[in-house]
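Work through the exercises below with the sequence and the structure in view.

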Amino acid sequence: MNDTRSGIGLVLGGGGSRGIAHAGVLEVLVREQIPIDLIVGTSMGAIVGSLFALGLSPKQIIAEMSNWRGNSIFTVNLFSSRARQRMIDDQLSAHLGGKTFADLKIPMIVMAVDMLTGREVALQSGPLLPAVLASSAVPGVFPPVEMDGMQLADGGVIDSLCTGVAFDWGVAHVIAVDIYPQLEQDDWSDPLSAIMGVDLPFNILGSTASPSMVSAIWRSVRIMMWHLHAKRLSLHPPDVLLRPDVGAYSSLDFKDIDGPLVAGRTEAENYLPLIRDLAGYDRNAHV
């Protein structure tokens, strides 16, 4: 490793509403005065990370997320992805509107994917709001964001936890918060229940014993994405890997924000000795 490396990078993964757990993790990091020198965010990780990098406290971020509780963003305008994206734009404009990456108090990299070339794109300059909207533009739910001739969508299309990008930037240590859903055995769930939290009647998309075509295709996509996720994580392992217990929450279901918050806090507390050691923490300094 390059001897000139220094600082701690915080990588916040994508996973929709599960990403509310990031705010719980941030509460613990701020309380313990853990210095963060870089944030890499994907999808919801980009939303939470950009608010924090602008200077919002975890308490303020949680208040912002509370405005999404039970929100119909992902259930109304069923046939208009652009209308849904405008609602997200309106939610974030109060803080991110008119801001650029230069306004951030902590350097940040926002991850997206160019759907035309299939290229992973690391955004770190220019207007902040379009970059965050692009990073969180889940294909099929939101339209891609046009930027510099690219059609940018959710960075999780390739990888939701870009630890390698943080190391490439030059930090010495990485704390990563992985909220990507684990690949459960014998899970033939359909995409609507897995992503939207919608329970379909009468098993119209199949069952465990006899999966439908849609369930089989969804399962295949999940397997491919999981193996890519696991492979990249093994190539660039973080110093501390936090995996909050958010598996019970669907990606775009914001009915409950308290559960993910508690899961984030709990996971950070569980790994606090490692996090303190990573930061060269003086255990007596805050007694």
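**Exercise 1: Surroundings of a loop residue**

Setting aside neighbours within four places in sequence, Tyr180 contacts Gly14, Ser160, Arg222, Met225, Trp226 and His229, where contact means heavy atoms within 4.5 Å. The model is predicted, so local features need pLDDT of at least 70 and side-chain atom pairs count only at pLDDT 80 or more, while totals for chains, interfaces and linings use all residues. Residues are numbered from 1 along each chain as its sequence is written, and side-chain values use heavy atoms, with hydrogens and water left out.

*Task.* State where Tyr180 is placed and decide whether Tyr180 is buried or exposed.

*Solution.* 
- Step 1. Tyr180 is found in the loop between β7 (173–177) and α7 (191–196). Helices (H or I, at least four residues) and strands (E, at least two) are DSSP runs, numbered from the N terminus.
- Step 2. The relative accessible area of Tyr180 is 10%, so Tyr180 is buried. Buried means under 20% relative accessible area, exposed over 50%, and partly exposed in between (1.4 Å probe, protein chains only).
- Step 3. Tyr180 and Gly19 are 161 residues apart along the chain, and their C-alpha atoms are separated by 9.1 Å.

**Exercise 2: A strand residue**

*Task.* Determine which residues are in contact with Val40, leaving aside neighbours within four places in sequence.

*Solution.* 
- Step 1. Val40 belongs to strand β2 (residues 38–42).
- Step 2. Val40 has 1% relative accessibility and therefore counts as buried.
- Step 3. With the neighbours within four places left aside, Val40 contacts Leu10, Val11, Leu12, Ile109, Met111, Cys162, Val165 and Ala166.
- Step 4. For one of these, Met111, the C-alpha atom is 7.4 Å from that of Val40, although the two residues are 71 apart along the chain.

**Exercise 3: Two helix pairs**

Two packed helices are described by the angle between their axes and the distance between the axes.

*Task.* Describe how α2 crosses α3 and how α2 crosses α4.

*Solution.* 
- Step 1. The axes of α2 (residues 44–54) and α3 (residues 58–66) come within 9 Å and cross at roughly 135 degrees. Axes are lines fitted to C-alpha atoms, for helices over the stretch in contact, and angles run from 0 to 180 degrees between N-to-C directions.
- Step 2. The helices α2 and α3 are therefore oblique to each other. Angles under 35 degrees count as roughly parallel, over 145 as roughly antiparallel, 65 to 115 as roughly perpendicular and the rest as oblique.
- Step 3. In this pair, Met44, Ile47, Val48, Leu51 and Phe52 of α2 meet Pro58, Ile61, Glu64 and Met65 of α3.
- Step 4. The axes of α2 and α4 (residues 81–96) come within 11 Å, crossing at roughly 20 degrees. That angle makes α2 roughly parallel to α4.
- Step 5. Ile47, Ser50, Leu51 and Leu54 of α2 make the contact with Leu92, His95 and Leu96 of α4.

**Exercise 4: Buried residues**

*Task.* Identify which residues have the most contacts inside the largest nonpolar core, and explain why helix α5 is largely enclosed.

*Solution.* 
- Step 1. The largest nonpolar core has 65 residues, and Ile61 and Leu123 have the most contacts inside it. Such a core is a set of buried Ala, Val, Leu, Ile, Met, Phe, Trp, Tyr and Cys residues joined through side-chain atoms within 4.5 Å.
- Step 2. Helix α2 gives the most to this core, with 8 residues.
- Step 3. In helix α5 (residues 128–135), 7 of the 8 residues are buried, so α5 is largely enclosed by the rest of the structure.
- Step 4. The buried residues of α5 are Leu128, Leu129, Ala131, Val132, Leu133, Ala134 and Ser135.
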